[in-house]
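Hi,

Here is the structure I promised to pass on to you. Have a look at it first, and then read on for what turned up in it.

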Amino acid sequence: MLQAMYNGKVINSFDIINEYGNKEINIYEEYKVAGSKGLIACGECGTEVFLRAGNVYTPHFAHKDNEEYVITK
């Protein structure tokens with residue numbers, strides 16, 4: 001998912017990418033820490049989500065508690 005709830009507002013996973021395609025480190029780190037502390041939630045079901053933003057996949061939020069959303073190789 002590309003959007004989630006954080007501090008009572010909707011956030012977008014693309015907020016971490018600037019106009020040059022590089023990560024905005026401050027926003028990236030804030031979302032990573034908030035996700036690890038359970039402060040970011042799915043806008044639809046309300047469960048905890050975290051930011052996935054590596055070098056391969058498009059930045060997105062993934063559910064923490066549902067293995068259906070975990071990508072395995």
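To begin with the surface, the chain exposes about 5100 Å², and carbon and sulfur atoms supply 49% of that area. Please keep in mind that this is a predicted model. Of the 73 residues in the chain, 26% are buried.

The fold is quick to describe. There are one helix and five strands, and along the sequence they follow the pattern β-β-α-β-β-β. If you look at the contacts with a separation of 6 or more, 39% of them are between residues 24 or more positions apart.

Now for the inside. The largest nonpolar core has 13 residues, and the members that touch the most others are Ile11, Tyr31, Ile40, Leu51 and Phe61. Three elements supply at least two residues each: β1 (3-6), α1 (25-36) and β4 (49-52). Helix α1 gives the most, with three residues.

Ile40 deserves a click in your viewer. Leaving aside neighbours within four places in sequence, isoleucine 40 is in contact with Ala4, Met5, Tyr6, Ile11, Tyr31, Ala34, Gly35, Thr47, Glu48, Val49 and Phe61. Several of those names come back below.

Next, the aromatic rings. How many aromatic pairs does the structure hold? There are two. One joins tyrosine 6 and tyrosine 31 in an edge-to-face arrangement, with 6.1 Å from centre to centre and 80° between the planes. This pair links distant parts of the chain, as tyrosine 6 sits in strand β1 and tyrosine 31 in helix α1, 25 residues apart. Both of these tyrosines are buried.

The other pair is formed by tyrosine 31 and phenylalanine 61: the ring centres are 6.3 Å apart and the planes stand at 50°, so this pair is tilted. Phenylalanine 61 belongs to strand β5 (residues 60-63) and tyrosine 31 to helix α1, so the pair ties together parts that are 30 residues apart in sequence. Taken together, the ring pairs link Tyr6, Tyr31 and Phe61 into a cluster.

One more ring is worth a look: lysine 23 lies over the face of tyrosine 28, at 4.5 Å from the ring centre.

On the charged side, the count comes to one salt bridge. Lysine 64 forms it with glutamate 48, and the closest N and O atoms are 3.4 Å apart. Here again distant parts of the chain are linked: lysine 64 is in the segment after β5, while glutamate 48 is in the loop between β3 (40-41) and β4, 16 residues away. Lysine 64 is partly exposed, with a relative accessible area of 32%, and glutamate 48 is partly exposed as well, at 39%.

Asparagine 7 has a positive phi of about 55° although it is not a glycine. Asparagine 7 is located in the loop between β1 and β2 (9-12). With a relative accessibility of 65%, asparagine 7 counts as exposed, because the cut-off for exposed is over 50%.

Happy to hear what you make of it.

Best wishes

Conventions: Residues numbered from 1 in each chain as written. Predicted model: local features only at pLDDT ≥ 70, side-chain atom pairs only at ≥ 80, totals over all residues. Heavy atoms only, no water. Core = buried A, V, L, I, M, F, W, Y, C linked by side-chain atoms within 4.5 Å. Buried < 20%, exposed > 50% of the residue type's maximum accessible area, 1.4 Å probe, protein only. Helix = DSSP H or I, 4+ residues; strand = E, 2+ residues; numbered from the N terminus. Contact = heavy atoms within 4.5 Å. Phe/Tyr/Trp six-rings, centres within 6.5 Å; stacked < 30°, edge-to-face > 60°. Lys NZ or Arg CZ within 6 Å of the ring centre and 35° of its normal. Areas by Shrake-Rupley, 256 points an atom, 1.4 Å probe, with all protein chains shown as cover. Salt bridge = Lys/Arg side-chain N within 4 Å of Asp/Glu carboxyl O.
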